[in-house]
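Biologist: I would like to go through some labels and ask what stands behind each one. Please show the structure before we start.

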Amino acid sequence: MLLLLLRAGQLLRSGRGRWPRPLSAPAGRSGCRLPAPQMQCLSQTGTLKHHKTACYGTLVPSDVTITYRYGLPVVTLMLPSRNERCQFTIKPMLTQVGTFLQDVQKEDSGIERAEAFTTDGNKVPATALMEVLLMNDFKLVINNITYSVQVPVKEKSSSEHAAEAEDVKSLVHRLFVALHLEDHQLRRERELLQKLDHLREELAPLEEMKARIATSADAKTNRLLWLGLALLSTQGGALAWLTWWVYSWDIMEPVTYFITYGSALAFYAYFVLTKQDCVYPDVKDRQFLHYFYRKSRSRHFDVERYNKLKEALAETEESLRRLHQPLHLRLPIHETNED
């Protein structure tokens with residue numbers, strides 16, 4: 001008891017008269033009279049450091065606070081079982097609410113429950129990002145204690161600072177491109193060449209089959225054209241024979257009129273069915289495609305897969321050509337094709 005009274009006297013002298021007014025208390029064994037609030041402060045805090053803080057009237061911060069340090073939010077809270085403050089630095093755009101709560105529980109094994117709620121009592125899901133949680137004030141429940149957390153307003157950077165940051169980013173990008181462009185081009189060229197070889201290997205058997213089918217379809221189309229010429233020639237000879245040797249022109253004139261009208265009707269029917277003019281080159285191409293697709297089905301030739309491989313081959317060759325011309329790397333494709 002004597003040792004306790006001596007320590008209390010030392011603390012009273014170190015206070016340098018900061019007590020608002022002395023309160024009398026019963027005298028101890030040593031005969032000195034000690035202020036009652038000083039003894040009460042000692043019994044509550046337990047250490048001299050906390051004793052001086054409480055006695056001098058310093059405001060104790062709330063149990064959960066949020067501050068910004070180097071642009072990142074720092075959550076400071078009191079661990080219940082360890083009775084000490086702990087700070088958690090958060091990356092709002094990467095950290096989830098569930099991850100933050102798990103880190104808090106890992107830091108103090110005495111925490112059995114850690115949840116976050118909005119101010120109106122709705123629970124914040126664990127998959128939500130901390131950026132969403134830090135937009136407004138919220139409540140943090142640790143075990144059975146609810147803490148009201150006020151989120152401070154983050155100071156926005158000025159336009160000049162943002163412009164300087166953009167300049168720095170642009171400079172770093174240019175330096176990176178200047179230092180790594182050659183390696184990137186070599187690596188990209190190797191990848192394109194490998195892809196080009198692979199596409200050509202897949203297209204080789206398809207090209208052979210396609211050439212055979214195209215030859216057969218072209219032969220059938222030519223035979224059809226020659227057959228049409230033969231029919232027209234036969235028709236003209238028959239009309240001439242009937243006009244000059246069998247009948248007269250007075251009898252054959254209506255016949256030729258209806259033959260001409262029937263031909264015009266056939267051409268109009270072709271336009272109605274195909275929505276194309278009856279032009280001989282277009283008719284030939286259409287008939288060629290008809291024979292080609294019919295032959296492809298019979299020989300199990302996948303036309304769709306062949307077209308996709310050809311498009312991929314053309315894109316790869318174009319990318320390789322642009323890679324060999326560094327000045328065209330950033331230009332649109334239609335501009336490089338005009339060169």
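Predicted model: local features only at pLDDT ≥ 70, side-chain atom pairs only at ≥ 80, totals over all residues.

Biologist: What makes F88 and F100 an aromatic pair, and of which kind?

Modeller: The ring centres of F88 and F100 are 6.0 Å apart, and rings pair if their centres lie within 6.5 Å. The angle between the planes is 90°; over 60 degrees counts as edge-to-face, so that is the label for F88 and F100.

Biologist: Why does this pair tie parts together?

Modeller: F88 lies in strand β3 (residues 84–89), whereas F100 lies in helix α4 (residues 97–107), so the pair ties together parts that are twelve residues apart in sequence. F88, at 11% relative accessibility, is buried too.

Biologist: How do you know what kind of pair F292 and F301 form?

Modeller: Their planes are 85° apart, and the edge-to-face label needs over 60 degrees. The centres are 6.3 Å apart, against a limit of 6.5 Å, so F292 and F301 form an edge-to-face pair. F292 is buried at 7%, and F301 is buried at 6%. Both also belong to a cluster of F288, F292, Y293, F301 and Y306, linked by ring pairs. The structure holds six aromatic pairs.

Biologist: Why is the contact of E115 with K123 called a salt bridge?

Modeller: The closest N and O atoms of E115 and K123 are 3.4 Å apart. The rule asks for within 4 Å, so the contact counts as a salt bridge.

Biologist: Is E115 buried or exposed, and is K123 buried or exposed?

Modeller: E115 has a relative accessible area of 19%; buried means under 20%, so E115 is buried. K123 has 53%; exposed means over 50%, so K123 counts as exposed.

Biologist: What separates E191 from R188 in helix α6?

Modeller: They are three residues apart in helix α6 (residues 159–246), so about one helical turn separates them. E191 is partly exposed at 41%, and R188 is partly exposed at 36%.

Biologist: How many salt bridges are there?

Modeller: The count comes to eight.

How values were computed: Residues numbered from 1 in each chain as written. Heavy atoms only, no water. Phe/Tyr/Trp six-rings, centres within 6.5 Å; stacked < 30°, edge-to-face > 60°. Helix = DSSP H or I, 4+ residues; strand = E, 2+ residues; numbered from the N terminus. Buried < 20%, exposed > 50% of the residue type's maximum accessible area, 1.4 Å probe, protein only. Salt bridge = Lys/Arg side-chain N within 4 Å of Asp/Glu carboxyl O.
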